[in-house]
Amino acid sequence: MNRPVNGPASASGAGTPMMLSTAFGNPDNSYNAVRLIAALSVVLSHSLLLGLNSPSYDPLSWAAYDLGATAVNVFFVISGAMLTHSVLQRGLGQFVRNRFLRIYPALIVSAALISLIIGPFGTGARLWEYYSSPQTWLYPLNVAWNFEGAVLPSMFEHGRYPGDVNVPLWTIKYEILSYIVFGIAAALGLLRHPSIAFAAWAAFGFALLADVGVDPTGETPVESLFRFGFAFLTGAVARRFGEVIPLRFGWAMAALALAVAGTGTRFGEVTWIIGIGYAALYVGAKNWGRIAEFARRHDLSYGIYLMAWPIQQVLTREPIWFGPQVAVLFLLSSTISGSLAYLSWKFVEKPALRRKAPASEKEP
């Protein structure tokens, strides 16, 4: 990794830390790079799961959230902070239109690519059966509202997770829900009252602590709602109080220590989101040189997130020609999904973002 330059301290003067309120306005920040690393972390987590078929190999299996879940939490924290910064600086504007343009064009185009090009490599059906099925042609529209529930004919029936075309899409509906609630709150002027934002954040934190609707087999929709709501609000509230929140290395280390200290306790989920969230906000405020510059020019994180799972499922069909080598699976799936994400960014996402309202042109 390149040596960081123009970090928080240098951006505000020698010895003076950058405040969170100015971090997102800094054109040299690395938040796109943080999101790219988060997307690749999801790919790595799934590579471990698919390649070794055991969640215990995840490097964060001991923590409140594993590597992939932690990365998704980071997405929500940064999203909450960035949107709050945008609204505070530029106003609400064409919020709904802008959010639609950020989410749906790439989602639908990637779904079409999966159904028409990747699907034939993963289906157990004959090609003529696959392409003659209405599921194949309706899949992009089905994804637009059904997300991970959208199906394709006989997809991955001999894979590690039969029928699961694109499981990671399950988080997007919570992102959209966050946008909707945030937009309504901003339209009602609630962002002008920090106490209301803080109260909402505290309420979601207490709900997460209460473990409402605990399911020993996995996270329930209600738990997911509180988890993602709390992560999003962590970023939003941090930015709302950004004038008094400095970005310091010592604070980042303390935040990580808090995350680790809460592990194994009922406070684990809350402290992990807060600790990792602050650390991500601190790291993203720095300029990481060429890595940050590349990520600012080519925002590949969303495309990688959309494409990686079905590619990994294809690569792990039985028999696996390269064996259970996680490193090979990670490198192959990252390279293929990254290449497709580049095309998505260049020909779909970037052109769509140009159609945003002028006042929100630089909105994340």
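This is a predicted model: local features need pLDDT of at least 70, side-chain atom pairs count only at pLDDT 80 or more; totals for chains, interfaces and linings use all residues.
Lys173 is partly exposed, with 30% relative accessible area. A search through the whole structure turns up six of them.

**View 1. Lys173 and its partner Glu148 join in a salt bridge.** Here the side chains of the two residues come together, with N and O 2.9 Å apart. The pair links distant parts of the chain: Lys173 belongs to helix H8 (172-187), while Glu148 sits in the loop between helix H7 (134-146) and that helix, 25 residues apart. Glu148 counts as partly exposed, at 31% relative accessibility.

**View 2. Arg102 meets Asp299 in a salt bridge.** The N to O distance for these side chains is 3.2 Å. Arg102 is part of helix H5 (residues 95-122) and Asp299 is in the loop between helix H13 (290-297) and helix H14 (301-315), so this contact ties together parts lying 197 residues apart in sequence. Is Asp299 buried or exposed? Asp299 counts as buried, at 5% relative accessibility. Arg102 is buried as well, with a relative accessible area of 8%.

**View 3. Arg35, Arg102, Asp299 and Glu349 form one network.**

**View 4. Glu129 pairs up with Arg126.** In this salt bridge, the closest N and O atoms are 3.7 Å apart. Arg126 is exposed, with a relative accessible area of 55%, and Glu129 is partly exposed, at 29%.

How values were computed. Residues are numbered from 1 along each chain as its sequence is written. Side-chain values use heavy atoms; hydrogens and water are left out. A salt bridge is a side-chain nitrogen of Lys or Arg within 4 Å of a carboxyl oxygen of Asp or Glu. Helices (H or I, at least four residues) and strands (E, at least two) are DSSP runs, numbered from the N terminus. Buried means under 20% relative accessible area, exposed over 50%, partly exposed in between (1.4 Å probe, protein chains only).
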